[in-house]
Amino acid sequence: MANLTGKVAVVTGGSRGIGASIAKGLGREGAKVVINYNHSHEKAQAVVEEIKALGGSALAMQADISEAEETKVFIEKVLGDFGKIDILVNNAGITRDRSFKKMSFDEWHKVIDTNLSSAFNTCKIALPAMLEQKYGRIINISSVIGQSGGFGQTNYASAKAGLIGFTKSLALETAKAGITVNAICPGFIATEMVSEMPENVREAIIAQVPMKKLGEPAEVAKGVLFLCESEYMTGQCLNLNGGLYML
Ligand code: NAP
């Protein structure tokens, strides 16, 4: 699909779910993949082994990307070890759903820091090297919820909508330098994030999706590979949502 031989890719939150699928897709296409995780060391290591079994190259690195200083150390280590970053997928994310009335300040800040500030934290350190090499692919995993809003999700919807604004603005600032910055807005994808929802909520969501099913993480990985290959697409949102929300 996309020949990524010789490219260095970083996937935040690559230990599980969508991030793991993205990491495997990039590895399959020949990229050297750095799989970031926060807590799931064994799962991240399993993804590394899967990529290696396919003949690819990967390693896992722990860092809490909601923390600016920790992220700086992480990205600088990747640049030190590999000499460059060609592809940066800002995928790590969490939910802390609660009605606005009940949402705590901690639930607000944790979700904003993990889903939005994390992209600032990684790009801040990775971008100068991309600008120097005049090449980069930055792909931010937003959400349909950032476009439509979500009940009990003022924190998550704000972070994901913010990520779209971040994507467009950074795309404008980097377009002349051979760097593309795009977002993917998945609908509801079959990962732990969705399986943790109460069954009745999940069933109600599926009933609303025109395709009447959840998406697979591999669909998001296909979108990432497309955005890696595309030369002329920047500042856009790729909507992979089974028809749930049509802009
Ligand atoms: P998931 O299965 O819950 O996995 C989340 C990943 O993010 C894990 O690898 C986790 O690492 C990592 N992570 C969380 N906090 C982190 C931190 N502070 N530092 C580093 N890594 C951290 O989630 P998912 O469903 O695959 O979602 C991936 C992305 O897609 C998220 O941004 C999510 O908002 C977005 N998205 C998901 C859906 C969906 O329906 N699933 C829909 C739209 C958008 P550990 O394993 O170490 O905890």
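Where does the ligand sit? The ligand sits in the largest pocket. A pocket here is an open set of points on a 1 Å grid over the protein atoms alone, with protein on both sides within 12 Å along at least five of seven lines, and a molecule sits in it if more than half of its atoms lie within 2 Å of its grid points. Keep in mind that this is a predicted model, where local features need pLDDT of at least 70 and side-chain atom pairs count only at pLDDT 80 or more, while totals for chains, interfaces and linings use all residues. Residues are numbered from 1 along each chain, and side-chain values use heavy atoms, with hydrogens and water left out.

Now look around the ligand. There are 33 residues around it, and H39, S40, N91, Y156 and T191 come nearest (a residue is near if one of its heavy atoms lies within 4 Å). The shell divides into 13 nonpolar, 16 polar and 4 charged residues, with Gly counted as polar.

A backbone N or O atom of H39 lies 2.6 Å from a ligand oxygen, and for G13 the distance is 3.2 Å. The protein covers 95% of the 890 Å² of accessible area that the ligand has on its own (Shrake-Rupley method, 1.4 Å probe).

Finally, find E192, which forms a salt bridge with R16, closest N and O atoms 3.0 Å apart (a side-chain nitrogen of Lys or Arg within 4 Å of a carboxyl oxygen of Asp or Glu). E192 is in α7 and R16 in the loop between β1 and α1, 176 residues apart.

How values were computed
Polar contact = N/O pair within 3.5 Å; in protein donor to acceptor, adjacent residues only side chain to side chain. 1 Å grid on protein atoms, 1.4 Å probe; cavity = no way out; pocket = protein on both sides within 12 Å on 5 of 7 lines; lining within 4 Å. Helix = DSSP H or I, 4+ residues; strand = E, 2+ residues; numbered from the N terminus.
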